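Trainee: Could we go through this one together, starting with the strands and then looking at the rings?

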Amino acid sequence: MAKSMKLAGLKSVENAHDESVWTATWVPATGSRPPLLLTGSLDETVKVWRPDELDLVRTNTGHCLGVVSVAAHPSGVIAASAALDSFVRVFDVDTNATIATLESPPSEVWQMQFDPKGTTLAVAGGGSASIKLWDTATWRLVATLSIPRPEGSKPSEKSGSKKFVLSVTWSPDGRRLACGSMDGTISVFDVARAKFLRHLEGHYMPVRSLVFSPEHDSRKLYSASDDGHVHIHDVEGKAIIGAMSGHTGWVLSVDVSPDGEAIATGSSDKTVRLWDFKMRAAIQVMSNHTDQVWAVAFRPGGRGDRLASVSDDKSISLYHCS
């Protein structure tokens, strides 16, 4: 039987930002530098960090409100940050030059992710109850994937608030997009046909984080919800494959290791948990943070030997995964 992954604390940076840290992602390595960690905060900045010491490389300003999402292009050359001001700033990671500024209506920009090939940026569209797709060659809005209205509801009825889209993730082959909503539903889309496929039921509170298992033809989707559960879905079926519980608060973030073997979550219960998919159980609980943990992120590539977490306590923690 394969040995389960273990986490060991490597480095924590207190007061990494002036306010709550809401989002984190890894920027892939380029020919000239190793992977970097990006964090975004209520303090309106994005910071770039060099592992393993978590040395601060740069602080990016330019947003007028808190930063809710950061996303890195698979090339490692560019990244994007989104804030409560509904602007997405696309920038060069190494020079911080602004490449594009994408504007959306108020409260229509939440989580973002570049597709695996890097041709499209998907943005969780909040109150628009949709996913917006931006072309990375022209930085134009090229598609809006809308969640269908519930049967029998009139256009005037406020069903949109329930379908408020918080989270978004691409399948590893780029053929599917899934988004999580305020009412707990997950919607799955066929990207090439810009077609809604199905809802995945099971959660009854906001789904703030989603991630596909990394196998190329993966149909397995992990979701994290305020209901305290992590669900595992088959996106081509409708079935829940499994459910995992253990957090005593909202599950705010979920990520899967690059080898697909381990799952990490962050919660309002102030802990980071490492789960074994086969055992459907938490195998480790990390209590480095003193407030809710908004994001967990495995470093891409290989087995994923690093995990980062960020929190309302303004700190970043970096763990060695073995």
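Mentor: What follows is a short talk through a predicted model, taking a sheet, the repeats and some aromatic side chains in turn.

Trainee: In what order do the strands of the open sheet come?

Mentor: The order is β2-β3-β4-β5, with antiparallel pairing, and the edge strands, each pairing on one side only, are β2 (21–27) and β5 (55–60). From one strand to the next the twist averages 25°.

Trainee: And over how many bridges do β2 and β3 pair?

Mentor: Strand β2 pairs with β3, residues 36–41, over 6 bridges in the antiparallel sense, and Val 27 stands opposite Leu 36 of β3.

Trainee: Switching topic, which residues does the "repeat: WD" annotation cover?

Mentor: The unreviewed UniProt entry places it on several spans, including 14–59 and 200–236. In the model, residues 14–59 are 0% helix and 50% strand, with end C-alpha atoms 16 Å apart, while residues 200–236 are 0% helix and 51% strand, with end C-alpha atoms 10 Å apart.

Trainee: Now the rings: why is the pair of Tyr 222 and Phe 277 edge-to-face?

Mentor: Their planes stand at 85°, so the pair counts as edge-to-face, and the ring centres are 6.2 Å apart. Tyr 222 belongs to strand β19 and Phe 277 to the loop between β24 and β25, so the pair links parts of the chain 55 residues apart.

Trainee: Are those two buried or exposed?

Mentor: Tyr 222 is buried at 0% relative accessibility, and Phe 277 is buried with a relative accessible area of 15%.

Trainee: What lies over the face of Phe 277?

Mentor: Arg 280 does, at 4.7 Å from the ring centre, and elsewhere Arg 299 lies over the face of Trp 26, at 5.6 Å from that ring centre.

How values were computed. Residues are numbered from 1 along each chain as its sequence is written. This is a predicted model: local features need pLDDT of at least 70, side-chain atom pairs count only at pLDDT 80 or more; totals for chains, interfaces and linings use all residues. Side-chain values use heavy atoms; hydrogens and water are left out. Two strands pair if DSSP finds at least two bridges between them. Helices (H or I, at least four residues) and strands (E, at least two) are DSSP runs, numbered from the N terminus. Axes are lines fitted to C-alpha atoms, for helices over the stretch in contact, and angles run from 0 to 180 degrees between N-to-C directions. UniProt positions are given in the numbering used here, feature names are shortened, and annotations may be inferred rather than shown by experiment. Rings of Phe, Tyr and Trp (its six-membered ring) pair if their centres lie within 6.5 Å; planes under 30 degrees apart count as stacked, over 60 as edge-to-face and the rest as tilted. Buried means under 20% relative accessible area, exposed over 50%, partly exposed in between (1.4 Å probe, protein chains only). A charge sits over a ring if NZ of Lys or CZ of Arg is within 6 Å of the ring centre and within 35 degrees of the ring normal.
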